[in-house]
Amino acid sequence: MRILVLSDIHANLPALEAVLAHAGYYDAVWCLGDIVGYGPQPNECVEMVRGLPGLECVMGNHDAAVTNSLDLEGFNQDARSSAEWTSKTLKLSNAVYLSALSKIRQTGQFTLAHGTPRNPIWEYMLNPFNALMNFGHFKTPFCIVGHTHVPAMFYLDPASDDVKSMDIQDGQLYLLSPQTQTILNPGSVGQPRDYDPKASYGIITVQGDRILWQVNRVSYAVDQVAQMILKLKLPAAHAERLLMGW
Ligand code: ZN
């Protein structure tokens with residue numbers, strides 16, 4: 001069983017297409033929200049995600065904002081104008097799809113949430129302290145989140161009862177143990193923020209009792225997407241940050 005884990009696509013179709021091509025075969029897809037916002041192709045991205053096999057998808061703060069399920073007050077000016085453009089551009093069927101997404105889902109041994117299991121829409125899982133505050137908020141061995149746009153792995157060390165974080169290396173396989181509660185973040189497909197502009201995604205491989213986690217990075221035509229953002233007169237900062245991976 002091979003599960004493709006996507007998060008924070010942010011209306012970046014070339015990045016999504018590059019990830020799907022790079023991932024090869026998969027049985028199911030888990031999407032951690034923010035399919036739209038910032039980027040130039042919201043309808044194309046929602047429609048592509050909706051067609052993926054075995055899809056489980058949760059709502060992100062941008063998905064909530066563009067469908068009026070969330071006040072834009074917490075957004076900075078650029079994020080707000082991008083959300084307003086996306087609201088106007090989204091087809092009704094795609095807006096209805098986004099507005100109906102759950103905030104949290106449980107599938108097998110995994111809990112899926114955009115931000116954190118404690119506050120799925122807004123809270124950022126940035127460090128071991130945030131992780132510690134959240135380990136009591138999901139009942140499965142594993143939880144996968146997005147929202148920070150940075151790959152991460154936090155686990156509750158059974159020996160010390162302390163939270164440890166792991167530096168995630170591109171393409172490396174990490175063995176997960178159901179005895180060790182772990183929070184994973186696959187990074188962002190469409191707007192990475194770790195100064196590496198390559199699209200980021202996760203793969204879960206289940207082989208008998210073995211559960212493996214892997215984060216992969218893949219190049220795509222970043223400058224083409226930056227050009228599209230500028231041509232549509234969306235905030236220029238969203239084009240610049242794509243080129244920088246920030
Ligand atoms: Zn996001």
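## A first walk through the model

The structure holds 0 disulfides, a disulfide being a pair of cysteine sulfur atoms within 2.5 Å. This is a predicted model, in which local features need pLDDT of at least 70 and side-chain atom pairs count only at pLDDT 80 or more, while totals for chains, interfaces and linings use all residues. Residues are numbered from 1 along each chain as its sequence is written, and side-chain values use heavy atoms, with hydrogens and water left out.

Cys 31 is buried, at 0% relative accessibility; buried means under 20% relative accessible area, exposed means over 50%, and partly exposed lies in between (1.4 Å probe, protein chains only). Cys 57 is buried as well, with a relative accessible area of 6%.

**How helices pack**

Two packed helices are described by the angle between their axes and the distance between the axes. Here, helices (H or I, at least four residues) and strands (E, at least two) are DSSP runs, numbered from the N terminus. Axes are lines fitted to C-alpha atoms, for helices over the stretch in contact, and angles run from 0 to 180 degrees between N-to-C directions. Angles under 35 degrees count as roughly parallel, over 145 as roughly antiparallel, 65 to 115 as roughly perpendicular and the rest as oblique.

| Helix pair | Angle | Axis distance |
|---|---|---|
| α1 and α2 | about 25° | 9 Å |
| α2 and α5 | about 60° | 10 Å |
| α7 and α8 | roughly 175° | within 8 Å |

Let us begin with α1 and α2, which pack at an angle of about 25°. That makes α1 roughly parallel to α2. In this pair, Leu 13, Leu 16, Glu 17 and Leu 20 of α1 meet Glu 44, Cys 45, Met 48 and Val 49 of α2, where contact means heavy atoms within 4.5 Å. By class, this contact has 6 nonpolar, no polar and 2 charged residues. For these classes, Ala, Val, Leu, Ile, Met, Phe, Trp, Tyr, Cys and Pro count as nonpolar, Asp, Glu, Lys and Arg as charged, and the others, Gly among them, as polar.

Helix α2 (residues 42-50) also packs with helix α5 (residues 92-99). These two are oblique to each other. Their crossing is left-handed, meaning that the near helix is turned anticlockwise from the far one by less than a right angle (clockwise would be right-handed). From α2, the contact uses Asn 43, Val 46, Glu 47 and Arg 50, and from α5 it uses Ser 93, Asn 94, Tyr 97 and Leu 98. The α2 and α5 contact has 3 nonpolar, 3 polar and 2 charged residues.

On the α7 side, the residues are Val 222, Asp 223, Val 225, Ala 226, Ile 229 and Leu 230, and they meet Ala 236, His 238, Ala 239, Leu 242 and Leu 243 of α8. This contact divides into 9 nonpolar, 1 polar and 1 charged residue.

**Two aspartates**

Asp 8 sits in the loop between β1 (2-6) and α1 (13-23). Is Asp 8 buried or exposed? Asp 8 is buried, with a relative accessible area of 0%. Leaving aside residues up to four places away in sequence, Asp 8 touches several others, including Gly 33, Asp 34, His 114 and His 147. Asp 8 and His 62 are 54 residues apart in sequence, and their C-alpha atoms are 9.2 Å apart in space.

Asp 157 belongs to strand β7 (residues 152-157) and counts as buried at 14% relative accessibility. Not counting residues up to four places away in sequence, Asp 157 touches Asp 162 and Lys 164. The C-alpha atoms of Asp 157 and Gln 179 are separated by 9.7 Å, and the two residues are 22 apart along the chain.

**Positive phi**

Most residues other than glycine have a negative phi. His 10, a residue other than glycine, has a positive phi near 50°. His 10 lies in the loop between β1 and α1 and is buried, with a relative accessible area of 1%. Tyr 195 also has a positive phi, of about 65°, although it is not a glycine. Tyr 195 lies in the loop between β10 (182-185) and β11 (199-207) and is exposed, with a relative accessible area of 57%.
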